[in-house]
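Look at the sequence and the structure below before reading on.

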Amino acid sequence: MRTLNAISQPPSESDTYTECTDGYQWDPRTQHCKDINECESIPDACKGEMKCFNHYGGYLCLPRSASVIPAPDPPAPSLPGPANPEPFNQCPMGYEPQGDSCVDIDECARDEDDCQPSQECINTQGSFNCQCPDGYRKVGTECIDIDECRYRYCQHRCVNVPGSFSCQCEPGFQLAGNNRSCIDVDECGMGAPCQHRCYNTYGTFLCRCDQGYELAGDGYACNDIDECSYSSFLCQYQCVNEPGKFSCVCPEGYQLLGTRLCQDVNECETGAHQCTDGQNCINIHGGYKCVETNPCIEPYVQVSDNRCMCPVTKPACRELPYFIVHRYMSITSERSVPSDIFQIHATSVYPGANNSFRIRSGDENGDFYIRQINNISAMLVLARAVTGPKEYVLDLEMVSVNHVMSYQSSSALRLSIYVGPHAF
């Protein structure tokens, strides 16, 4: 508050003079002291954004939003003397006398303000202000909510509420300590529902499955992959699906070679056979055969291992091969044809003899034929694909003819062929 001290000496008809208090001047018409309007008489009485308010005996500089309630005009101060004996309150508006000084009136405490119920009354020197709560701004005499979301306080989403706002984050994020920024949530460390493995990513997470499994439609569970259903070539014999993997198995008489191939078990070498002392063990695909140590049948007699002779002294031997040699072999099923499977070679050759080879017996269905290579050897050929288990006993005969000496003889190789049950 700024107060001007003014002394006015109006003309008088006597030698005496009158004196008005500060803020007043003498009015000869009314013979009283008149208030001075400093807001009009003093250029730029209030600086900046302050507004000048005149009151009796002085003036006030208040914010432009402030309002002053006019009070009834007090009686003008009169000259001292017996004509005006009443004391005059020299305190400006918003103040009251206390002893010889003026003290501020707390309009808020006296409930003499005009603030709205939602506003807070703030006492000031000589006046008061009506203040809106946080989150509101004053428009006229009303408090209007401030939409803080317009100022982009939040990193992701802003939700305006009366008098305030709140920030929200997208899924996969959480509010930082400043309640405005959003930071990634490590779902893997918070118990993400991945059945096998979890990988945290920015704003989300990914589930991955162990080898042999595939991710289910829900993105969390892992289902076993049935590898056996994808290909029939994973195993040579049979594929067995297992949780997260598969394995190959082999039929009886075979053992697994590596991870997928099957190899015949040689029971004759491992001792896993039941042949007697008078028998020989012959290994075949998928098993074994026990054959007699002496395979010779009357009228043949054994002359060495697997070799039988028919003596010429016996009448029954006249139409039979002189020698029969016993041999054994095993082949797989479904061999591609034609296929060379056994070579015949003469062990005794007579000078001047012509040799020929033929299948004497055992090939009633025509599954084999002989291809002669030269005068002393020939090849047994599989003519048609065969499927086991099956057994052939072929007598392969070599006939020797000497036309000069008018001599003819024959010998045979009795070949037992065992066709295994599988193509391996």
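Is Arg-360 buried, partly exposed or exposed? Arg-360 counts as partly exposed, with a relative accessibility of 31%. The model shown here is predicted, and 11 salt bridges are found in the structure. Side chains of opposite charge can pair when their charged atoms come close.

**Arg-360 and Glu-397**
- Arg-360 and Glu-397 form a salt bridge through their side chains, with an N to O distance of 3.2 Å.
- This pair links distant parts of the chain, since Arg-360 is in strand β29 (residues 354-361) and Glu-397 is in strand β32, 37 residues apart.
- Glu-397 counts as buried because its relative accessibility is 3%, and buried means under 20%.
- A network of salt bridges links Arg-358, Arg-360 and Glu-397.

**Glu-391 and Lys-289**
- A salt bridge joins the side chains of Glu-391 and Lys-289, at 3.9 Å from N to O.
- Glu-391 is partly exposed at 42% relative accessibility, and Lys-289 is partly exposed at 32%.

**Arg-157 and Glu-170**
- In the salt bridge between Arg-157 and Glu-170, the closest N and O atoms are 3.0 Å apart.
- Arg-157 sits in strand β11 (residues 157-161) and Glu-170 in the loop between β12 (164-168) and β13 (173-175), so the pair ties together parts 13 residues apart in sequence.
- Arg-157 is partly exposed, with a relative accessible area of 33%, and Glu-170 is partly exposed, with a value of 33%.

Terms used:
Residues are numbered from 1 along each chain as its sequence is written. This is a predicted model: local features need pLDDT of at least 70, side-chain atom pairs count only at pLDDT 80 or more; totals for chains, interfaces and linings use all residues. Side-chain values use heavy atoms; hydrogens and water are left out. A salt bridge is a side-chain nitrogen of Lys or Arg within 4 Å of a carboxyl oxygen of Asp or Glu. Helices (H or I, at least four residues) and strands (E, at least two) are DSSP runs, numbered from the N terminus. Buried means under 20% relative accessible area, exposed over 50%, partly exposed in between (1.4 Å probe, protein chains only).
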